[in-house]
Amino acid sequence: MTTRRIIDPAGALFGIALPIATAVAAVLLTVVWEPRLPAEIATHWAGPDPVGFSAPMSSAWAMALVIVLIGGGCSAIAALAQAMLMMRRYMLVVGLGVTGLLATLHLTMLAAQLDLSDATQARLPMWPVGLGVLIGIAAGFVGAALLRDYRERVPATGAPDARLPRGRVKLPIVDQVGTGTRTTAVLALMVLGPAVIVCGATGSWWPLAVFLPVGVLVLSLLRFRVTVDESGVRVRNLGMTAVEYHLDEMIGAKVTETRPFQDWGGWGLRAKGRGRYGLVTNTGPALVFTTAGGQEFTVTTDRAQEMAGALNSLADARAR
């Protein structure tokens, strides 16, 4: 059994401390630059023209609050050591991407108005915002790689139910699972379509710097590598082990037919009640792995029968 931990140190650093530090930096930067800013700075634009104004420090405190509540609110789940590792990683990348966007927007807004006497003359370059998103997502990936799975593992006792499938096949069993080429292409168009429209409206390429990383992240979360071997079940995504269940904690593996929308409410990583997780990307057979700690993990794969049979046979040998 693993040692129970409530807080993941890397998750607390990247998911909580980093957004807070970014918010504080936004306020301190405004304090330093305030003497060089107009008494009322532009905070909202309609096309190239400023349409909303606010005192510099009021704007800074508002932005700091938004960074903490939205960016930090998304990424803070990374600090919860008992939450599902893949979910923590995904939310950390999303949260720091949002944090990077908001912080860079504030920095760009202030820099564009330095030494101006009239804020209505301000023009807001948007390419740094795209750069900020990239930096935030990159920081998210660094933090995600440092997260560890502190889920409590309860050893199983006894063999799986005799009615569950059995079978001996050559191990490891590896399957690349996820959305097909057609579905992936449709989803890519759904992500890139708005980016192209925004690029045309603004006459600039910068929206692609925002949409492309988000699109790659979303599409990558629909492609996985599932491995079953003597140690148990592992799922890799984005070059990292996203889900791992050991054979010692398994009480049984079965096969079911799963429909992503009807049964789980959508594609990708899903949660359905306490301790029930699904990695569902297609309609069809799915492996269902149940642990002694009360978790149930479902993953869609055409090799579900082979995987379930191999896992139950391995568990039989473990129980002898």
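# Reading helix packing and burial in a predicted model

User: At what angle do helix α2 and helix α3 pack, and how far apart are their axes?

Analyst: Axes are lines fitted to C-alpha atoms, for helices over the stretch in contact, and angles run from 0 to 180 degrees between N-to-C directions. Helices (H or I, at least four residues) and strands (E, at least two) are DSSP runs, numbered from the N terminus. Here, α2 (residues 56-75) and α3 (residues 85-111) pack at about 165°, and their axes lie 7 Å apart. That makes α2 roughly antiparallel to α3. The classes are: under 35 degrees roughly parallel, over 145 roughly antiparallel, 65 to 115 roughly perpendicular, the rest oblique.

This is a predicted model, where local features need pLDDT of at least 70, side-chain atom pairs count only at pLDDT 80 or more, and totals for chains, interfaces and linings use all residues. Residues are numbered from 1 along each chain as its sequence is written, and side-chain values use heavy atoms, with hydrogens and water left out.

User: Which residues of α2 and α3 make the contact?

Analyst: Contact means heavy atoms within 4.5 Å. From α2, the residues include M63, V66, I67 and I70. From α3, they include L92, L96, V98 and L102. By class, this contact has 14 nonpolar, seven polar and no charged residues. Ala, Val, Leu, Ile, Met, Phe, Trp, Tyr, Cys and Pro count as nonpolar, Asp, Glu, Lys and Arg as charged, and the others, Gly among them, as polar.

User: How many residues has α2, and what length is expected?

Analyst: The expected span of a helix is 1.5 Å times one less than its number of residues. α2 has 20 residues. From first C-alpha to last it reaches 27 Å, close to the expected 28 Å.

User: Which residues of α2 are buried?

Analyst: Buried means under 20% relative accessible area, exposed over 50%, partly exposed in between (1.4 Å probe, protein chains only). In α2, the buried residues include P56, M57, A60, M63 and I67. The buried residues of α2 pack against α1 (9-33), β1 (41-46), β2 (49-54) and α3.

User: Where is A76, and what does A76 touch?

Analyst: A76 sits in the loop between α2 and α3. A76 is partly exposed, because its relative accessibility is 27%. Leaving out residues up to four places away in sequence, A76 touches G15 and I16.

User: At what angle do α1 and α4 pack?

Analyst: Read it the same way. α1 and α4 (residues 127-146) pack at about 150°, with axes 8 Å apart. That makes α1 roughly antiparallel to α4. A10, F14 and L18 of α1 meet A139, V142, G143 and L146 of α4. This contact has six nonpolar, one polar and no charged residues.

User: Is D316 buried or exposed?

Analyst: D316 lies in helix α8 (residues 304-319). D316 is buried, because its relative accessible area is 18%. Not counting residues up to four places away in sequence, D316 touches A159, P160 and R166.

User: Where is E244, and which residues does E244 touch?

Analyst: E244 is in strand β6 (residues 240-246). With a relative accessible area of 28%, E244 is partly exposed. Residues up to four places away in sequence aside, E244 touches D149, R151, R153, V233 and R234.

User: How many helices and strands are in the chain?

Analyst: The chain has eight helices and 11 strands. Of its 320 residues, 46% count as buried.
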